[in-house]
Amino acid sequence: MDIDDTQTKKMADYFKTVRDDFIKDGTLMPKSMATDTQCLTYQIPGGMLSNLLSQLKQMNALDRLDEALLETPKVRADMGYPPLVTPTSQMVGVQAVTNVLQGERYKKVSKEIKAYCRGEYGRTPAPINPEVQKMILGDEQPLTGRYADSLEPVVEKTRQKLGDLAKSDEDVLSYIAFPNLAEKFLEDRKAKEENAATYTIVEC
């Protein structure tokens with residue numbers, strides 16, 4: 001298939017102005033568009049980098065980016081090398097930024113990192129740094145078995161609670177994962193079903 005170079009140039013020229021507008025209003029950050037030869041050292045995927053930049057920008061600390069980039073692989077090592085995909089990528093990134101801005105490593109930790117160190121996210125690929133784990137958990141002991149085994153069964157309990165709002169297993173699981181959003185959706189759906197009108201055409 002032949003490509004019309006004049007049309008591709010028009011498209012490129014159009015999106016250059018879109019890019020410039022996004023850079024001007026702060027939606028796009030020039031830092032994230034640059035090539036950095038240290039990317040293998042930082043071990044930060046693109047989606048994680050954009051969140052890292054956004055977090056630093058909100059805290060007026062974009063000048064601390066290089067420190068946060070260097071801290072990220074250190075936090076990942078401390079956490080037992082979790083895969084850098086959601087949610088653990090964001091947990092590692094947020095903790096790295098927090099360590100840098102606090103001026104002291106693990107002085108402040110998120111509830112997610114604490115739960116991770118407790119073992120609620122499952123077995124880590126490598127052991128968590130025991131000194132860091134002790135610093136975060138204090139005298140609390142990490143779980144030795146599956147976290148899921150310590151939870152009460154909720155599916156049947158939730159099914160009974162929802163009653164006729166739940167039409168399927170998906171409805172029950174949606175409510176368990178996102179109770180507020182799912183409940184409103186299920187109630188709205190029920191209201192629409194109950195307000196459905198039936199029409200009959202009778203010849204006169």
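**Burial and overall build**

I started with burial: 27% of the 204 residues in the protein are buried (under 20% relative accessible area; exposed is over 50%, partly exposed in between, with a 1.4 Å probe and protein chains only). I note that this is a predicted model, where local features need pLDDT of at least 70 and side-chain atom pairs count only at pLDDT 80 or more, while totals for chains, interfaces and linings use all residues. Residues are numbered from 1 along each chain as its sequence is written, and side-chain values use heavy atoms, with hydrogens and water left out.

I get 11 helices and zero strands, taking DSSP runs numbered from the N terminus (H or I, at least four residues, for helices; E, at least two, for strands).

Then I checked the overall dimensions. I have the C-alpha trace spanning about 80 × 65 × 40 Å along its principal axes.

For the surface I noted about 14,800 Å² of accessible area, with 55% of it on carbon and sulfur atoms (Shrake-Rupley method, 1.4 Å probe; for residues, only the protein chains shown count as cover). I also looked at contact range: of the contacts with a separation of 6 or more, 55% are between residues 24 or more positions apart. Contact here means heavy atoms within 4.5 Å.

**Cores**

I went looking for nonpolar cores (sets of buried Ala, Val, Leu, Ile, Met, Phe, Trp, Tyr and Cys residues joined through side-chain atoms within 4.5 Å). The largest has 25 residues, and Leu52, Met79, Cys117 and Ile136 have the most contacts inside it. Helices α4 (46-58), α5 (65-78), α6 (88-102), α7 (111-118) and α8 (130-137) each give two or more residues to this core. I also found a second, separate core of seven residues, with Leu162, Ala166, Tyr175 and Ala182 among them.

I listed what Leu52 touches, leaving out residues up to four places away in sequence: Ile44, Leu65, Ala68, Leu69, Gly93 and Val97.

Glu71 got its own entry. Glu71 sits in helix α5 and counts as buried because its relative accessible area is 8%. Beyond its neighbours within four places in sequence, I see Glu71 in contact with Ala96, Asn99, Val100 and Arg105.

I then moved to Leu186, which is in helix α11 (residues 179-194). Leu186 is buried, at a relative accessible area of 2%. Not counting residues up to four places away in sequence, Leu186 touches Leu162, Leu165 and Asp171. I also noted a C-alpha separation of 9.1 Å between Leu186 and Lys167, 19 residues apart along the chain.

The partner of Asp171 is Arg189, with the closest N and O atoms 2.6 Å apart. Asp171 lies in helix α10 and Arg189 in helix α11, so this pair ties together parts that are 18 residues apart in sequence. Asp171 counts as buried, at 8% relative accessibility.

Helix α10 (residues 169-177) also holds Ile176, which is partly exposed at 34% relative accessibility. I find Ile176 with Val154, Val155 and Leu173 in a nonpolar surface patch of about 290 Å². Patches are made of residues with over 30% relative accessible area and no salt bridge, joining like charges within 9 Å and nonpolar side chains (Val, Leu, Ile, Met, Phe, Trp, Tyr) within 5 Å.

**Other salt bridges**

My search of the whole structure gave 15 salt bridges. In one of them, the side chains of Asp13 and Lys9 meet at 2.8 Å, N to O. Both lie in helix α1 (residues 5-24), four residues apart, about one turn of the helix. Asp13 is partly exposed at 31%, whereas Lys9 counts as exposed at 51% relative accessibility.

I also logged Asp139 with Lys134, a salt bridge at 3.3 Å, N to O. Asp139 is exposed, with a relative accessible area of 69%, and Lys134 is partly exposed at 49%.

Key
Salt bridge = Lys/Arg side-chain N within 4 Å of Asp/Glu carboxyl O.
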